[in-house]
Each structure stands twice: as structure tokens, then as C-alpha cells.
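Here's a quick briefing on a two-chain model, with the cut-offs spelled out as they come up. Have a look at the structure, then read on.

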Amino acid sequence: MQLQPYGVWLAAASLIGILLFAVQCKQKGFKKETASWMAVTAIPLSVLISRLMYCLCRLPWFMEQGLGWFFHFTEGGFMVFGAFVGVVLAAWLTAKVTGQSFARILDMASIPGLITYGIGRIADLIAGQGYGWPIDDWFSVDAFDPEEYTGMSLFHLEDASFFEGLPFSVEDAYYGNYRWAVALFIGVAALVFAVVLWRMHARRAGSRAIMTAAVLCALTVLMESMRQDDLMRWGVVRVGQILSALVFAALLVICQLRMPRPVKRSVIIKEWISLLLSMGLVMVAEFMLEKKIVFLDFVPMDGCYVLMIIACVWLVLAVRSAWKKQDA
Amino acid sequence: MKANVFRYVVTCLMLVAMAFLIASPALAETEFTHAFEGPDVTDVPLAPLTLEAADVQPLELDQLVKGKQLKLDNLNADNTEYTDSSIHAVITHDVVQFKDKKGKQKINCYIVRVTIADPTQIRSAMSYDDYDNTKRVKAAEMAKAANAVAAVNGDFFKYFHDSGYIVRQGAFYRDKSNGQRDVLLIDSNGDFHVVYCADSASIQKAVEAFPEGVKLINSFNLGPVLVENGEVKDISQSAVALAKKSGDQFQYPYRMQRVAIVQLGKLQYAIVECNGKADASSGMSVQVFAEYIKDLFPDALVAYNLDGGGSTNVIFPKNVKGKLKFERIHKNPDSREISDIIYFASAEE
């Protein structure tokens with residue numbers, strides 16, 4: 001058995017998350033045992049549930065491998081969504097054991113969780129995951145005639161060496177070319193949002209957790225769209241994006257249930273329409289990226305990604321509208 | 001207090017376990033989507049062909065002895081199936097879609113499944129039937145001369161005379177094996193044996209392990225072994241990759257034309273060819289090719305990589321206006337003349 005660089009990085013990210021959580025608990029006057037209970041439950045639950053979700057999402061394949069494969073952790077196969085579920089479950093268990101508010105503990109776990117996600121996401125690059133398109137292809141470096149660009153970027157570069165290497169790209173050890181470091185972009189974005197959410201003022205218990213979940217899902221949608229390496233699909237659909245859509249819907253329901261009564265039906269309908277439209281825009285952007293919308297074929301891929309980023313921001317805003325009302 | 005410390009200690013232990021156990025967030029694997037065309041095809045896995053038991057006269061071992069004359073009537077209308085009492089061969093066209101590390105691809109692949117009645121029907125031929133003559137010829141010409149029902153390029157063993165363990169049609173030519181190649185041995189039962197990182201001693205040991213009375217008929221020195229007993233091999237650990245001396249190791253990760261010969265069962269074989277371009281802009285890496293073969297034939301006994309790129313040639317007879325012609329089943333734009341073929345012959349008089 002040997003140390004796995006990815007595992008080491010992930011363990012370090014988790015340790016940072018635990019320490020941040022412990023510091024926050026102390027500052028906010030939580031019971032002394034809260035942090036230790038959260039730590040001791042969150043780690044195994046996150047690992048096991050992320051493994052379980054991976055197996056469930058690929059059930060026929062998993063059954064072919066045999067149940068014993070579940071424990072072959074060194075072979076890889078984890079879903080980050082399972083880790084989110086694990087943390088939520090750990091917060092619930094901690095609340096039960098320590099006799100404190102579940103929503104407040106979840107709020108407390110939000111920022112450390114987002115930071116752990118951000119740092120952990122960067123580790124994907126160590127495992128040869130989280131790559132985007134090759135830089136050369138993106139900028140049509142090999143096209144001698146600028147008109148013959150690959151259709152990826154609007155910008156044609158004859159020399160893209162500026163973008164070769166961190167923080168823009170990582171070398172694909174297999175082919176020796178440089179590919180966009182998507183995992184790094186998403187990881188950094190998560191860290192930036194952690195700061196934003198940390199400074200955000202939330203009145204009600206659970207509000208910070210709801211917004212953190214929305215940001216995590218939006219980042220997942222964007223990342224799944226940008227990465228070009230191995231990712232889980234159901235047919236042509238990316239599993240992470242489907243799960244994110246379900247979480248967004250659940251978050252909206254939670255926010256609407258938490259709104260002070262009476263709530264106008266038109267408000268609820270308007271919020272659902274906004275969420276569904278933003279999801280529709282994600283789908284359109286995704287189809288445009290796959291060049292499946294013939295009449296929009298002319299849009300370069302950087303244009304498609306701008307549209308995807310707008311759609312992801314809209315997803316968060318769609319939930320935020322209801323979130324604000326429930327937090328008022 | 002003690003319980004608190006205990007929980008933190010357990011947490012630390014779990015973090016250490018994470019560092020040892022979690023190697024990657026996802027499995028590195030390639031999924032294939034197939035679109036098959038051809039007779040006797042449903043979906044993956046492809047089944048080995050059947051052949052009704054028939055008494056056939058074995059062909060003589062001598063390389064100058066070729067297969068029996070093919071008959072036009074035994075070819076189907078699409079030129080995709082040849083059947084007689086001694087051989088059954090079928091071409092399947094697969095438009096395969098997959099994603100490798102460079103992105104998505106959609107390429108043409110051809111699979112020729114062959115079942116023979118007698119092991120002497122799997123044979124090899126060399127250009128001008130002469131080991132010392134290094135002139136190359138078109139694979140189709142060699143296939144025509146040999147009356148091949150199906151033929152595939154071999155390992156280009158006449159290109160250099162300085163390496164490899166060479167036995168063809170039972171005749172020994174040279175032993176200059178150096179441990180830098182995986183070698184394929186085909187015995188007199190028509191069974192495949194592989195020797196990894198083959199040198200003289202390991203090949204000798206493998207031959208001595210043959211069942212009593214079984215002889216070595218052909219050996220090939222290219223590789224690497226792609227699949228053995230249904231298990232995809234890690235190409236980064238293959239003989240050439242480990243030796244780090246041959247230029248081939250640099251070509252393994254490239255997208256290129258690939259071709260392999262596969263033993264599926266007793267006297268059941270397949271030739272698998274994937275198209276591509278020698279400039280590495282399309283095709284499969286050797287690892288992806290191995291996974292593709294495993295996807296087609298999960299129970300393959302042995303799949304052995306042959307000389308790909310411009311050497312890739314798979315030949316099948318064709319009825320052209322009532323005349324039998326031997327042509328590549330797919331035009332390889334980078335095709336070159338070669339030095340040897342492996343072929344399947346008819347033994348029906």
C-alpha cells in the first residue's frame with residue numbers, strides 16, 4: 001500500500017475544513033464536542049456515500065463488477081455529490097447527538113465545506129482529471145490560415161505558449177500537450193465564493209447553507225460542461241448536471257416553504273419559471289457546445305461558455321430570489 | 001474531554017486512511033458506442049462464428065503450400081461473408097464512437113471473425129516466399145498468391161534482421177530476441193501463447209511447456225499483448241514501454257491505425273482493424289485499442305497487436321464482375337507495401 005497523491009491532497013483539504021469548522025464553533029459558542037462529532041462522522045459518511053452514489057449511478061456496471069468492488073477504493077470512483085450528502089448527514093447526526101440546531105450546524109459547516117471542496121477540486125489535476133480542451137486546439141495554433149480556425153475560440157493564436165502551464169493549463173502527461181486546468185478554475189472560484197458567502201449576512205438559520213449549496217451546484221454544472229476528461233454520463237446527459245438540477249429544485253422548494261405566510265401563488269410560479277428558464281439556458285448552451293444546434297453552429301465555443309456562465313449565474317439568482325424572501 | 005480527544009484521534013486515522021486509499025475521483029476508462037453493419041451481428045459482445053464439424057484434409061506446413069482455391073459461390077452478395085466446409089469468415093463494419101484523452105472520436109473499424117476446421121488453415125506468408133529477399137509487396141498480392149480467405153499484415157519481420165524470434169510455418173529463421181518485445185507463438189493446434197518481455201530463455205521455456213506433440217508453427221515479434229484471458233493489459237507496462245529503447249513506445253499513445261489478431265476460442269479467431277491517420281490525428285492509442293477489443297470480445301483468450309500505421313492491411317476476397325479479387329477491406333491512405341501476412345486459408349478441395 002502506498003500514499004496516493006490525490007488522497008493526501010484530499011486529506012489535507014479535509015483537515016483544513018475540520019480546523020476551520022472547529023475555530024468557527026469556538027467563536028460562535030457551540031458546544032465543545034460539536035467539532036469532534038462533526039469530524040468523526042463527516043469523513044466516513046462523505047467517503048462512503050460518494051462511493052455509494054458512484055456505484056448507484058452506474059448500477060448495471062457495478063453489478064457486473066460484483067459487490068466487493070465497492071471497497072476497492074484505490075481504483076477510484078467517487079461522486080462529489082455523495083460527499084455533500086455525507087456532510088449534511090453528519091451535521092444532522094451531530095445536531096442530534098449534541099442537542100443543537102441542525103440548521104445552525106449546517107450553516108457552520110458551509111464555508112469550511114466550500115473551502116474543502118475548492119482545495120479538493122484542485123487535486124483532480126493530480127489524478128489526471130478535470131482537464132479541459134487542449135490549448136493548441138482551442139486557439140487553432142496549427143491552423144496556418146487564421147480563417148481555418150477549429151471553431152473553438154474566436155481568437156486565433158499562432159503561439160499559445162503564454163497559456164502553457166499553471167495557472168492556465170496543465171500538461172497532459174500522456175500526450176504531452178497542455179489542456180485548460182478546469183479543476184483549478186473551479187477550485188479557485190469555490191474559494192472566492194467561500195469568502196463572499198462568509199461575508200454575506202444571513203438572518204435565518206440554514207440560509208447560509210442553502211446559498212452555499214446553490215453555489216456548489218452552479219459550479220458543478222459549469223465544471224461538468226468545461227471538462228473534457230472522464231465524467232459520468234447517463235447516455236448523453238452528464239450525471240452531475242442532472243443531480244445539480246434536482247438540488248436546485250429542492251432548494252427552491254425549501255426556500256418557498258420557509259417563506260413567511262401568506263405567499264402569493266404568482267410569486268411561486270414566477271420563481272419556478274425563472275429556475276426552469278435558467279435550466280433551459282444551460283441545456284441550450286450545452287447543445288451549442290456539442291454543435292447540435294445547426295443554426296447556432298457559427299457561435300465559437302468561448303461564446304458558448306459565456307452563455308453557460310450566464311446560465312449558471314441565473315440558476316443561483318433564481319434560487320436567491322426565493323432565498324431572500326425566506327431570509328427576510 | 002477524553003471522548004473528544006478520542007474522536008479527533010479517530011478522525012486523524014481516517015484522514016491517513018484517505019491518503020492511502022483514495023487514488024482518483026473517477027475511473028479512467030473509455031466507453032464505446034457501436035454501430036455495426038454486416039452479417040451475423042446483434043450487439044457487443046460479438047460471438048465467435050460457428051462451423052459445422054467437417055472432415056478436412058490438413059494443409060501441408062510448407063510455406064510454399066498455399067490455401068485451396070476459393071470459390072465465388074462461397075462469397076455472399078455483399079462480399080462480407082465466405083463460407084465453405086472448412087472455413088467461415090465474416091466482416092463486420094463498426095462505426096465506433098468513443099472519447100479518449102484528446103476528446104471525442106468517431107471512426108471506422110472492421111472486424112473479421114474467422115472459424116476454421118483445422119489448425120493448418122491459420123498460416124503465414126512472406127514476400128517472395130524468401131526470408132533473404134527484403135523486397136516488400138502489397139498485402140493484397142500476397143493474399144492473392146496464398147488464396148487467403150482473410151489476411152492481415154504481420155510484424156514486418158524482414159524490415160530488420162537484427163531482432164526477434166522468428167519461426168514461420170514451422171521453419172526457424174532467427175533468434176535475436178532481447179526482452180524488449182512481447183512475442184506471440186502459434187502452435188500446431190492453432191492456439192496462441194504469449195511471452196512477455198521475451199528473450200531466448202523465456203521463449204524456450206514457453207515452447208517446452210506446450211502439450212506433448214504440439215509444435216511451434218509461427219512466431220510474431222511486435223506486440224504488445226493487448227488482452228489475455230479477457231484482461232486488458234496496461235500498455236505502459238508492456239515490454240517496449242519498459243525497455244524505453246524502441247521508437248514504438250512513443251507511438252503507443254498516438255491516435256493511429258491499429259490492427260490486431262485475436263484468438264477467441266478453439267480455432268476461432270478475429271482480426272480487428274481500426275482506421276486512422278499516420279499523422280496521429282485520428283485512430284486509437286494502443287491502450288484504447290486494447291479496451292476496444294475487450295469491449296468487442298470480453299472473453300478473448302489473446303489479442304496481439306500487429307504492425308499498425310501505414311502497414312495496416314486487412315484483406316478479404318471480393319466478387320468483382322464474376323472474378324475473384326483480393327482487396328483491402330478499407331482503404332488505408334498511408335498504406336505501404338509490407339513483408340509478411342498472417343492468413344486464413346480454405347482446406348476444401
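Strand 8 of chain B and strand 9 (residues 171-176) of chain B pair in the antiparallel sense over five bridges; two strands count as paired if DSSP finds at least two bridges between them. Helices (H or I, at least four residues) and strands (E, at least two) are DSSP runs, numbered from the N terminus. This is a predicted model: local features need pLDDT of at least 70, side-chain atom pairs count only at pLDDT 80 or more, and totals for chains, interfaces and linings use all residues. Residues are numbered from 1 along each chain as its sequence is written, while chains are lettered from A and ligands numbered from 1 in the order in which they are written.

**The strand 8 hairpin**

- Strand 8 and strand 9 of chain B form a hairpin with two residues between them, and Gln169(B) in the turn has a positive phi of about 45 degrees.
- Across the pairing, Gly164(B) stands opposite Lys176(B) in strand 9 of chain B.
- Five of the five residues of strand 8 (residues 164-168) of chain B are buried, so the strand is largely enclosed by the rest of the structure. A residue is buried if 20 or more other C-beta atoms lie within 10 Å of its own, exposed if 12 or fewer, and partly exposed in between, with C-beta atoms placed from the backbone.
- Gly164(B), Ile166(B) and Arg168(B) point one way from strand 8, Tyr165(B) and Val167(B) point the other way, and all are buried.

**Chain B overall**

- Chain B has six helices and 20 strands.
- Of its 349 residues, 48% are buried.

**Two open sheets in chain B**

- A five-stranded open sheet runs in the order 6-20-7-18-19, with antiparallel pairing. Strand 6 (122-126) and strand 19 (323-328) are at the edges with a single partner strand each, so one side of each has no neighbour in the sheet.
- In that sheet, strand 18 (residues 314-320) and strand 19 pair in the antiparallel sense over six bridges, and Ile315(B) stands opposite Arg328(B) in strand 19.
- An open sheet of three strands has the order 11-10-12, again with antiparallel pairing. Its edge strands are strand 11 (192-195) and strand 12 (216-220), each pairing on one side only.
- Strand 10 (residues 183-187) and strand 11 share four bridges in the antiparallel sense, and the bridge partner of Val183(B) is Val195(B) in strand 11.

**Where the chains meet**

- 37 residues of chain A are in contact with 23 residues of chain B; contact means that C-beta atoms, placed from the backbone, lie within 7 Å.
- Helix 1 of chain A gives the largest share of chain A's side, eight residues.
- By class, that side has 21 nonpolar, 10 polar and six charged residues. Here Ala, Val, Leu, Ile, Met, Phe, Trp, Tyr, Cys and Pro count as nonpolar, Asp, Glu, Lys and Arg as charged, and the others, Gly among them, as polar.
- The axes of helix 1 (residues 5-28) of chain A and helix 1 (residues 2-21) of chain B come within 6 Å and cross at roughly 155 degrees. That makes the helix 1 of chain A roughly antiparallel to helix 1 of chain B. Axes are lines fitted to C-alpha atoms, for helices over the stretch in contact, and angles run from 0 to 180 degrees between N-to-C directions; over 145 degrees counts as roughly antiparallel, under 35 as roughly parallel, 65 to 115 as roughly perpendicular and the rest as oblique.

Terms used
Contact = placed C-beta atoms within 7 Å.
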